[in-house]
Amino acid sequence: MTKKTLEEKIKQVVFWTFSGVFSYLVIAFFLKSNYPIYEYSFNREDAYDAIKDALTLAAAFLAPVAAFVLFSDWREQHIEKLLEQESSEIYALYIAIIDTWQQYRFDIEDDEIFTQSTIESRETKHFGLIDQVEKAIQKTEQLQSRDIKTKEFTELALKSFRDIRNIIFELSILGGFKEKQFNPQKYNFEYTDESDSKFSSRMELNYQGMQDQMMKGFMDVYGNKEKLFSLSTSLKIRN
């Protein structure tokens with residue numbers, strides 16, 4: 001259903017008000033007239049009273065209706081502005097989280113940077129990213145509850161954030177494999193008959209397998225970028 005503009009709503013109120021006044025006057029003139037009409041002169045006093053009563057009723061009707069129309073239009077504009085603002089913020093969060101994740105991935109995949117980092121510093125990045133995603137999910141769910149118009153955007157955004165959460169955990173696992181690969185003397189206790197070099201090779205294979213799986217997930221997440229932007233743009237107020 002096409003949404004009416006404020007001008008169209010006002011025109012509709014004016015139309016029904018004048019229709020009501022006209023109908024009232026017609027009925028009033030018929031009720032106050034003497035019959036047969038052609039035998040009696042026009043009663044100006046009765047006509048004046050009828051017109052005055054009609055205008056009084058019209059004024060009494062217009063005041064609350066006009067206030068309601070104006071309030072409804074303000075409320076709709078306020079909601080539209082909120083949808084535009086929050087959808088833009090959610091899209092910006094999506095881009096920011098992806099950028100942060102890619103930097104985190106680079107820090108793990110680059111051997112030199114990785115060896116200079118600590119488990120604690122990597123955990124700080126991991127939990128910081130997870131916290132950002134959880135807040136983004138919460139914000140998206142709030143937007144979803146505001147208006148049905150956001151359904152397509154919020155559903156894709158929620159799926160994207162949950163998929164991002166998965167690849168954050170996979171990146172953490174990736175870092176764990178590299179940590180073990182580079183420090184077999186510390187972690188090679190699972191199999192007593194396995195040499196450190198074999199242990200490192202096994203961790204490297206695990207790393208490569210997880211990396212392939214993670215990057216496939218990332219491409220799915222990144223593939224939503226244009227669609228999310230388009231859906232976010234569709235929620236902007238049209239002038």
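User: Which residues do ring pairs link into a cluster with Tyr91?

Analyst: Keep in mind that this is a predicted model. Ring pairs join three aromatic residues here, with Tyr91 as one of them.

User: How many aromatic pairs does the count come to?

Analyst: Rings pair if their centres lie within 6.5 Å. By this rule, the count comes to five.

User: Is the Tyr91 and Tyr94 pair stacked, edge-to-face or tilted?

Analyst: The two ring centres are 6.0 Å apart, with 35° between the planes. Stacked needs under 30 degrees and edge-to-face needs over 60, with the rest counting as tilted. So at 35° the pair of Tyr91 and Tyr94 is tilted.

User: How far apart in helix H2 are Tyr91 and Tyr94, in helical turns?

Analyst: Both sit in helix H2, which covers residues 44-109. They are three residues apart, so the separation is about one helical turn.

User: Is Tyr94 buried or exposed?

Analyst: Buried means under 20% relative accessible area. Tyr94 comes in at 1% relative accessibility, so Tyr94 counts as buried.

User: Which helix holds the Phe218 that pairs with Trp101?

Analyst: Trp101 and Phe218 form a stacked pair, 4.9 Å centre to centre with 15° between the planes. Both residues are buried. The pair links distant parts of the chain, 117 residues apart: Trp101 is in helix H2, while Phe218 is in helix H7.

User: What is the distance from the charged end of Lys178 to the ring centre of Phe114?

Analyst: A charge sits over a ring only within 6 Å of the ring centre, with an angle limit as well. Lys178 has its charged end over the ring of Phe114, and the distance to the centre is 5.6 Å.

How values were computed. Residues numbered from 1 in each chain as written. Predicted model: local features only at pLDDT ≥ 70, side-chain atom pairs only at ≥ 80, totals over all residues. Heavy atoms only, no water. Helix = DSSP H or I, 4+ residues; strand = E, 2+ residues; numbered from the N terminus. Buried < 20%, exposed > 50% of the residue type's maximum accessible area, 1.4 Å probe, protein only. Lys NZ or Arg CZ within 6 Å of the ring centre and 35° of its normal.
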